[in-house]
Amino acid sequence: MNRSCYVSHHCPQCGGEVVFDQEATGTRCRYCGAGLMITGTGATWLNFLIKPIISVRETAHEVTCIAMKNGWKPPLLRSVLPFYFPFYRTTGHALKWVSGRKAGLDMDKTLQERLLTRPVDLMRPAHTDLSPGLFSPGYRVQSLHLFLATRENGGKMPFAPIQRDKESHSKKMEEDFFDGMPDPGLKVTEERRFRLWEKNSILFFPFSLVEVREGTNVRLMLIDTVGGGLIRQLKHEEMEKLLDNLGLKESRSPGETRLKLAPLICPECAGELDPDPLVHLRFCRSCAKGWEARRGVLQERECLWAGDPDSREDPSTIFLPFWLRRGKEKSLFIPAFNVRSPRLLFNLSARYYHADFPARPIPYHNRMSLKPFPVGLPPDGADEMADVVAGTGSKKPFPRKGTSQSLVLVPFRRMGPDLVGPRGLAVPISSLGVKI
Ligand SMILES: [Zn+2]
Ligand SMILES: [Zn+2]
């Protein structure tokens with residue numbers, strides 16, 4: 001659901017460049033055709049870098065443009081030092097539940113509830129000795145390719161060391177995550193905040209330290225080597241400090257990263273699994289088992305259904321996946337399919353929370369012909385959504401202890417603009433973001 005960016009990596013089979021969405025769980029190599037599983041993206045604090053677009057050679061031209069724009073004397077380029085500057089990046093969804101009464105002269109004073117949501121993509125400097133001023137790579141990141149921040153991808157450019165710790169960034173995010181939330185239009189008496197599907201990473205952005213001479217003056221500039229342009233001018237001491245920092249041992253490589261690509265092959269029957277990029281559970285068409293990547297390998301996940309083995313196959317029936325936790329008396333269901341907005345997912349989750357769908361093993365002959373709707377929400381994401389439903393007072397919290405999550409495929413029938421489930425509850429087709 002996040003607006004995301006592209007990541008480049010190498011195919012483990014043929015070494016070709018594989019480019020995939022940052023949120024992807026699978027992809028296909030366009031050179032050798034191998035289906036690939038992406039592991040390690042769930043782990044946070046992966047290191048990425050963006051490669052410079054303006055080369056050292058093109059810097060002179062860029063500097064002339066900056067000088068003209070600012071009305072400076074034509075400068076003489078003395079030195080250019082490209083380097084990577086680290087930013088912490090936090091993405092996710094901010095959810096704010098509020099309760100209150102309408103303000104002003106409105107006569108309606110009944111207590112109202114609102115759920116406010118906002119996608120989050122924030123960046124903050126992780127290096128403190130040199131301030132990038134107000135500069136942040138911001139949303140531009142979403143249109144650029146990311147590479148893993150390895151020595152190989154970084155070339156010879158040094159990395160400015162990370163100086164702020166992750167804890168202080170996370171602490172700051174507690175507030176910043178909710179910046180710019182929409183106005184509820186109520187006089188709020190109660191408020192609850194949720195940080196949903198939060199992911200953190202470190203992004204190294206390419207800057208250049210440029211020294212120019214104008215007559216007898218020396219000017220030091222920090223330049224954005226992706227978009228061009230002056231970030232700010234530096235003092236001599238700032239340059240000295242930066243040069244010290246770039247000479248440190250950690251400036252040579254920001255460390256290992258756990259993101260890996262592995263062939264997508266069924267562990268049971270060695271059949272090929274579908275490399276659909278945004279799916280958290282894959283069905284093997286040959287042996288009909290469900291697989292998901294956990295700790296870097298494919299592991300089986302129990303898959304059940306609420307279908308009837310005797311009913312005729314009907315093309316208007318669509319199986320929607322739900323995550324299920326079974327308790328002693330009640331069960332908890334959270335949609336596992338992707339919907340367009342977290343607000344709608346919240347509404348559906350509250351609606352189906354205690355749905356009593358049957359959950360039975362899928363008979364073998366049905367498994368072979370079953371084409372379920374993609375599982376777009378991982379099980380831990382479903383748990384987070386269950387916490388929001390319980391935390392807003394919509395439902396009682398469901399104890400997770402001693403329960404595990406299974407996937408249940410529930411038959412829905414296409415009726416007008418909705419998919420209608422076994423209990424008459426409907427899911428609007430337009431919200432699914434996929435053509436049916
Ligand atoms: Zn390949
Ligand atoms: Zn198989």
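Trainee: What spacing do the donors of the zinc ion (ligand 2) follow along the chain?

Mentor: The model is predicted, so local features need pLDDT of at least 70 and side-chain atom pairs count only at pLDDT 80 or more, while totals for chains, interfaces and linings use all residues. Residues are numbered from 1 along each chain as its sequence is written, chains are lettered from A and ligands numbered from 1 in the order in which they are written, and side-chain values use heavy atoms, with hydrogens and water left out. Donors are N, O and S atoms within 2.8 Å of the metal (3.2 Å for Na, K and Ca); water is not among the atoms, so sites may look incomplete. For the zinc ion (ligand 2), the spacing is C-x2-C-x14-C-x2-C.

Trainee: Which protein donors does the zinc ion (ligand 2) have?

Mentor: They are Cys266 (SG), Cys269 (SG), Cys284 (SG) and Cys287 (SG), 2.2 to 2.3 Å from the ion. Cysteine 269, in the loop between β12 (260-263) and β13, and cysteine 284, in the loop between β13 and β14, are 15 residues apart and link distant parts of the chain. Strands here are DSSP runs (E, at least two residues), numbered from the N terminus.

Trainee: Why is the arrangement around the zinc ion (ligand 2) tetrahedral?

Mentor: Ideal angles are 109.5 degrees for four tetrahedral donors. Four donors count as tetrahedral if all angles lie between 85 and 135 degrees. The 4 donor atoms around the zinc ion (ligand 2) subtend 102 to 121°, and therefore the arrangement is tetrahedral.

Trainee: Is cysteine 284 buried or exposed?

Mentor: Buried means under 20% relative accessible area, exposed over 50%, and partly exposed in between (1.4 Å probe, protein chains only). Cysteine 284 is buried, because its value is 3%, whereas cysteine 269, at 33%, is partly exposed.

Trainee: Which residues coordinate the zinc ion (ligand 1)?

Mentor: Cys11 (SG), Cys14 (SG), Cys29 (SG) and Cys32 (SG) do so, at 2.3 Å. The site is tetrahedral, with angles of 107 to 113° among its 4 donor atoms. Cysteine 14 has a relative accessible area of 41% and is partly exposed; cysteine 32 is also partly exposed, at 37%.

Trainee: What is the strand order in the open sheet of 3 strands?

Mentor: Strands of a sheet pair through backbone hydrogen bonds, either parallel or antiparallel. Two strands pair if DSSP finds at least two bridges between them. Here the order is β13-β14-β15, with antiparallel pairing. The edge strands, β13 (282-283) and β15 (297-300), each pair on one side only. Strand β14 (residues 290-294) is joined to β15 by 4 bridges, and tryptophan 291 stands opposite glutamate 300 in β15.

Methods
Four donors count as tetrahedral if all angles lie between 85 and 135 degrees; four count as square planar and six as octahedral if opposite donors are over 155 degrees apart and all others between 65 and 115; anything else is irregular.
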